[in-house]
Amino acid sequence: MRTLTDEQKLDIENKEKYEALKEKLLKEYKSYAENLEYADDEFEEDIINQKREKLAAQIKDLGARIRGIESLETQA
């Protein structure tokens, strides 16, 4: 059995917050897909795609963090 650091303990405590944030960002990401359909020009499409790419990176990072927390939980 491994002893967890304070940061790891805090991450485990905040797991639900991370999951809620991930769901919120995922909904926002999906809403931009609808906005793409109604974009007036390529400039607007590019802006929407940039926002989606930024959200995708945040979602991916949160997913990795949550998986890390889950592995900590199984080790603890």
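## Salt bridges at Lys15

Lys15 forms a salt bridge with Glu70, the closest N and O atoms being 3.7 Å apart, where a salt bridge is a side-chain nitrogen of Lys or Arg within 4 Å of a carboxyl oxygen of Asp or Glu. Lys15 lies in helix H2 and Glu70 in helix H3, so this pair ties together parts that are 55 residues apart in sequence.

Lys15 is buried, at a relative accessible area of 15%, whereas Glu70 is partly exposed at 33% and Glu73 is partly exposed at 32%; buried means under 20% relative accessible area, exposed over 50%, and partly exposed in between (1.4 Å probe, protein chains only).

## Basis of the model

This is a predicted model, in which local features need pLDDT of at least 70 and side-chain atom pairs count only at pLDDT 80 or more, while totals for chains, interfaces and linings use all residues. Residues are numbered from 1 along each chain as its sequence is written, and side-chain values use heavy atoms, with hydrogens and water left out.

## The Arg65 pair

The structure holds 3 salt bridges, one of which joins Arg65 to Asp11, with the closest N and O atoms 3.1 Å apart. Arg65 lies in helix H3 and Asp11 in helix H1 (residues 6-13), so the pair ties together parts 54 residues apart in sequence. Arg65 is partly exposed, with a relative accessible area of 37%, whereas Asp11 is buried, with 12%.

Notes
Helix = DSSP H or I, 4+ residues; strand = E, 2+ residues; numbered from the N terminus.
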